[in-house]
Amino acid sequence: MHAERFSISAEAAAAVHNADRVIAVGTTVARTLETCSEMEKRDGATDIFIRPPFIFRFVDVLLTNFHLPRSTLLMLVSAFASRELILKAYEEAVRERYRFFSYGDCMLIL
């Protein structure tokens, strides 16, 4: 899994810490939040590889693209929802000709 740099401001950390529900917009945000053991101002990089049976501590909702098959990000999404639910969503996406990858369609996983 490649590393990604991140920066969490004090304001963002406080907002996450005090939120009733945390919505990660993208897998980079999800990886960043789940890298932290405590939610605080921080600059760094994450190389966390999230895959089943990962337990999410901060992220409650995930908005993300439909990722390519056999990708590490598809593993992250499967860890967040479930393999079965994601396979069902992908069957629908293929049937309805959704666009995959970075500038394609997206899904909101509650």
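Rings of Phe, Tyr and Trp (its six-membered ring) were taken to pair if their centres lie within 6.5 Å; planes under 30 degrees apart count as stacked, over 60 as edge-to-face and the rest as tilted. The model is predicted, so local features need pLDDT of at least 70 and side-chain atom pairs count only at pLDDT 80 or more, while totals for chains, interfaces and linings use all residues. Residues are numbered from 1 along each chain as its sequence is written, and side-chain values use heavy atoms, with hydrogens and water left out.

A search of the whole structure finds 6 aromatic pairs. One of them joins Phe-56 and Phe-80. This pair is edge-to-face, with 5.0 Å centre to centre and 85 degrees between the planes. It links distant parts of the chain, 24 residues apart. Phe-56 lies in the loop between β3 and β4, and Phe-80 in helix α3 (residues 72–80). Helices (H or I, at least four residues) and strands (E, at least two) are DSSP runs, numbered from the N terminus. Both Phe-56 and Phe-80 are buried. Buried means under 20% relative accessible area, exposed over 50%, and partly exposed in between (1.4 Å probe, protein chains only). Ring pairs also link Phe-66, Tyr-90, Tyr-98 and Phe-100 into a cluster.

Helix α3 is mostly covered, with 7 of its 9 residues buried. These are Leu-73, Leu-74, Leu-76, Val-77, Ser-78, Ala-79 and Phe-80. Their cover includes α2, β4, α4 (83–95) and β5.

The structure holds 3 salt bridges. A salt bridge is a side-chain nitrogen of Lys or Arg within 4 Å of a carboxyl oxygen of Asp or Glu. Side chains of opposite charge can pair when their charged atoms come close. Glu-4 counts as buried because its relative accessibility is 17%. Arg-31 has a relative accessible area of 0% and is therefore buried as well.

A second bridge joins Arg-57 to Glu-34, with the closest N and O atoms 3.9 Å apart. Arg-57 lies in the loop between β3 and β4 and Glu-34 in helix α2, so the pair ties together parts that are 23 residues apart in sequence. Arg-57 is partly exposed, at 47% relative accessibility. Glu-34, at 2%, is buried.

The remaining bridge, between Glu-92 and Arg-95, has its closest N and O atoms 2.5 Å apart. Because they are 3 residues apart in helix α4, Glu-92 and Arg-95 are separated by about one helical turn. An α-helix has 3.6 residues a turn, so residues three or four places apart point the same way. Glu-92 is partly exposed, with a relative accessible area of 29%. Arg-95 is exposed, at 54%.

A polar atom of its side chain lies 2.9 Å from the backbone oxygen of His-2. Neighbours within four places in sequence aside, Arg-31 is in contact (heavy atoms within 4.5 Å) with Met-1, His-2, Glu-4, Thr-46, Asp-47, Ile-48, Ile-50 and Leu-76.

Asp-47, one of these contacts of Arg-31, sits in the loop between β3 (42–46) and β4 (61–65). Asp-47 counts as exposed because its relative accessibility is 54%. Not counting residues up to four places away in sequence, Asp-47 touches Met-1, His-2, Ala-3 and Arg-31. Its C-alpha atom is separated by 8.4 Å from that of Thr-35, 12 residues apart along the chain.

On the surface, Ile-23, Val-25, Leu-108 and Leu-110 form a nonpolar patch. Together they have about 440 Å² of accessible area. Patches are made of residues with over 30% relative accessible area and no salt bridge; like charges are joined within 9 Å, and nonpolar side chains (Val, Leu, Ile, Met, Phe, Trp, Tyr) within 5 Å. Accessible areas come from the Shrake-Rupley method with a 1.4 Å probe, and for residues only the protein chains shown count as cover. Leu-110 is placed in the segment after β5 (106–109). With 71% relative accessibility, Leu-110 is exposed.

Technical notes. Polar contact = N/O pair within 3.5 Å; in protein donor to acceptor, adjacent residues only side chain to side chain.
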